Amino acid sequence: MKIMKFGGTSVGRPERMHQVKDLITRGDEPTIVVLSALSGTTNALVGIGEALAAGDKSLAKERIDTLHAHYLAFYPALVQTAEARAKAEEIIKEHFEFLNILLKISFNEAINRDILAQGELLSTKLFFTLLGELQIPAVFLPALDFMSIDENSEPELPKISEKLKAILAQHPKERLFITQGYICKNHRNEVDNLKRGGSDYTASLVAAAINASVCEIWTDIDGMHNNDPRVVDRTRPIAEMSFDEAAELAYFGAKILHPASIWPAQLYNVPVKLLNTMEPTAHGTLIKAEVETTGVKAIAAKDGITAIKIKSSRMLLAYGFLRRIFEVFEKYKTPIDMITTSEVAVSVTIDDLSHLEQIQAELESFGTVEIDRNQAIICVVGNKVAETKGAVQSVLDSLINIPVRMVSFGGSKHNVSILVDAQYKTQALKSLNEGVFTW
Ligand code: ADP
Ligand code: ASP
Ligand code: MG
């Protein structure tokens, strides 16, 4: 079995949904199709939730109506028969009635997550209606029946696998299964999600859960590029990369993949292909266990980083000191991205600021604490980049005009990370583009 995931732009217009229908019906291999919400929908739902959280019901109503109008304009070009149109109307009515009811009840976080789930529910149901109209046999697989996360918001892969396999076993002869990306149930059995961009993560988890032959991520660009195409001109797609390289790029800001979306596929050695719905014959990027190529392959950047420096002349070299520092972050469930040490200080970076004040207060018992907000991690990735002669030098040479706050190198063979003030991010990405690519 294989997985084909289509992102927001790939389902964002009626004609694109028709294209998706063509792509999923080309082969014979049984396929689980994972769909995102139509592009713009999740942002709109976030906006509705924010208006409700702020108690501004008239703004929420206005936003619900705008989104509703979008769907009412969408479906007539999607399906043609009276029967299919009636179905589509019914689906849209059901979900917008739900949103409108929320205007009348008191708002909380669980309701907000219900709101966020509407996008994927709508897109999959509308797409399923299109398949029905065209008499293409398919099974609707509600993600809420098998996708789950634990109390730490981590996916429960063994459970997901068991449940999904049991559902699939009920349909041994079917070839097409349609499910939602992004949404899941949490440990309280409430509707939850895998965070923004989470449909990639769903696809990879489903691929791992059933040990799929391949996990295809269909999007609006021809694969992973060597630099952020939103910032830098003349970027190029990369034909092949390893799971380690892709995981590093996804985690450090390459928006084409959800930050955590590689590990499930890597764990079960399922190759991941990044493909372009708008240009289906383009090669795209193949991500697999081992690749031959060495040297700098790609650069990504992650914004919204905060650097914390703990200075302590007395204690830094004492054993157990770093452990005590890390325990503070562990206590507040705050992951650390980068670390550098010197004789008198240690610097770490975080991107989750929910507990920054408490963390700062506790760290102050170890020494002086300095906080620098608005930083960006620039991550340079390539197979054996750390061992490739001249690679690190070319990275630092390219950044000659930019103040570098931290450098992390040697943690793995395939990455060099640099922390700069966010105001230098674009300049850093552009300078590195000129300086490090020899091909
Ligand atoms: P989807 O809706 O299909 O999930 P996304 O918008 O989440 O699509 O991801 C695709 C976008 O990621 C591209 O349009 C591109 O602008 C952006 N992107 C950022 N960095 C990269 C990169 N290194 N390679 C390719 N695309 C990237
Ligand atoms: N619709 C969700 C989002 O916009 C999930 C996804 O598209 O991957 O974040
Ligand atoms: Mg995405």
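Biologist: Which side-chain atom type of Ser 36 comes 3.3 Å from an oxygen atom of ligand 2?
Modeller: An N or O atom in the Ser 36 side chain sits at that distance from the ligand 2 oxygen. A polar contact here is a pair of N or O atoms within 3.5 Å; within protein, one must be able to donate a hydrogen and the other to accept it, and residues adjacent in sequence count only if both atoms are side-chain atoms.

Biologist: Before we go on, what kind of model is this?
Modeller: It's a predicted model, where local features need pLDDT of at least 70 and side-chain atom pairs count only at pLDDT 80 or more, while totals for chains, interfaces and linings use all residues. Residues are numbered from 1 along each chain as written, chains are lettered from A and ligands numbered from 1 in the order written, and side-chain values use heavy atoms, with hydrogens and water left out.

Biologist: Thanks! Back to ligand 2: what lies 2.7 Å from an oxygen atom of it?
Modeller: A polar side-chain atom of Arg 196 does. Ser 199 takes part through its backbone, with an N or O atom 3.0 Å from a ligand 2 oxygen. Of the 260 Å² of accessible area that ligand 2 has on its own, the protein covers 86% (Shrake-Rupley method, 1.4 Å probe).

Biologist: And which residues surround ligand 2?
Modeller: Among them are Thr 42, Glu 120 and Tyr 182, where near means a heavy atom within 4 Å.

Biologist: How about ligand 1, how many residues surround it?
Modeller: There are 16, and the closest are Gly 8, Thr 219, Asp 220, His 225 and Lys 255. An N or O atom in the Asp 220 side chain is 2.8 Å from an oxygen of ligand 1. His 225 uses a polar backbone atom, 2.8 Å from a nitrogen of ligand 1. The protein covers 87% of the 570 Å² of accessible area that ligand 1 has on its own.

Biologist: Switching topic: how many residues has the largest nonpolar core?
Modeller: It has 104, and Ile 3, Phe 6, Ile 24 and Ile 32 have the most contacts inside it. Such a core is a set of buried Ala, Val, Leu, Ile, Met, Phe, Trp, Tyr and Cys residues joined through side-chain atoms within 4.5 Å, and buried means under 20% relative accessible area (1.4 Å probe, protein chains only).

Biologist: What is Ile 32 in contact with, leaving aside neighbours within four places in sequence?
Modeller: Its partners include Met 1, Leu 141, Phe 177 and Ile 210, contact being heavy atoms within 4.5 Å. Apart from that core lies another, of 21 residues, including Val 296 and Leu 432.

Conventions: Buried means under 20% relative accessible area, exposed over 50%, partly exposed in between (1.4 Å probe, protein chains only).
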